[in-house]
Amino acid sequence: MKKLFTNDKFFSAMVIFAVLGNLIFFITAYIRLGGTSFVTRLPMLISALCVLFIYSSYKKHSKNVTKGLMGAMLMGQLLFAISSLSAMSVPGTTVVVPVYVVLSAALFINHFIINSDHHSSPGMIRMNQVIVCLLTLDAVVWDVLWLIPCHSALSIVCDVACFFGLIGISASVVCVESRLDAYRIEREANGYKAE
């Protein structure tokens, strides 16, 4: 999994998924539900912008900015997951939504454990990679459950875009964490000792 999460093409693809998925979800939800959905869907638009800023700050080697934005994004994901607990009207979502909440909370907490000091944390990074894979499986099931009762093309586009947006956010963060940890491992192999 390390090679996947440190791969440039995979990282770029996850950023594209996150940005386009969230933008399309925001637009289609607004078209479907009108102005009443604007405020409730605004976090998705903010998430799309955050992913762009994370990508840009990472490329500019602004690690402290990148880490702060990642924490903000993971908090946004956790809040979205918690708010989804009130929308479990489709059969089966009473299982997948709570699982999504628990996995999002684990990813959020682990982000701070990883970044609490300057040492490498390959075990915690691996755990986040596994969490993203589990989040993806959970989101696939969640999306299928929502697609079954869909009766319009717009609803289908909205749900699929939401799936790609959610997965892109989590995977983008773990890609950056995996890359930063690979750098820490290399630095420690060259004799660096963190304070």
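**Exercise 1. Find which helix gives the most residues to the lining of the second largest pocket, and describe that lining.**

Step 1. The helix to look for is α7, which supplies four residues of this lining, where helices are DSSP runs of H or I with at least four residues, numbered from the N terminus. This is a predicted model, in which local features need pLDDT of at least 70 and side-chain atom pairs pLDDT 80 or more, while totals for chains, interfaces and linings use all residues. Residues are numbered from 1 along each chain as its sequence is written, and side-chain values use heavy atoms, without hydrogens or water.

Step 2. The second largest pocket has a volume of about 190 Å³. A pocket is an open set of points on a 1 Å grid with protein on both sides within 12 Å along at least five of seven lines, a cavity is a set where a 1.4 Å probe fits but cannot get out, and lining residues have an atom within 4 Å of a point.

Step 3. Its lining consists of Thr6, Ser57, Tyr58, Lys59, His61, Ser62, Lys63, Arg179, Leu180, Ala182 and Tyr183, and α3 and α7 are the elements that give two or more residues to it.

Step 4. Sorted by class, this lining holds four nonpolar, four polar and three charged residues; Asp, Glu, Lys and Arg count as charged, Ala, Val, Leu, Ile, Met, Phe, Trp, Tyr, Cys and Pro as nonpolar, and the others as polar.

**Exercise 2. Describe the largest pocket by its volume and its lining.**

Step 1. About 640 Å³ of space lies in the largest pocket, and of the 27 residues that line this pocket, Phe25, Arg41, Phe80, Ala87 and Trp146 are the closest to its centre.

Step 2. Two or more lining residues come from each of α2 (8–33), α3 (38–59), α4 (63–83), α6 (122–147) and α7 (153–189), and the largest share, six residues, belongs to α7.

Step 3. The lining of the largest pocket is made up of 17 nonpolar, six polar and four charged residues.

**Exercise 3. State how many cavities of 30 Å³ or more the model holds, and describe the largest cavity.**

Step 1. The count comes to one cavity of 30 Å³ or more, and the largest cavity has a volume of about 40 Å³.

Step 2. The residues lining the largest cavity are Pro43, Met44, Ser47, Gly76, Gln77, Phe80, Leu166 and Ile169, with at least two supplied by each of α3, α4 and α7.

Step 3. Five of these lining residues are nonpolar and three are polar, while no charged residue takes part.

Methods: Points joined across faces, edges and corners; volume = space filled by probe spheres on them.
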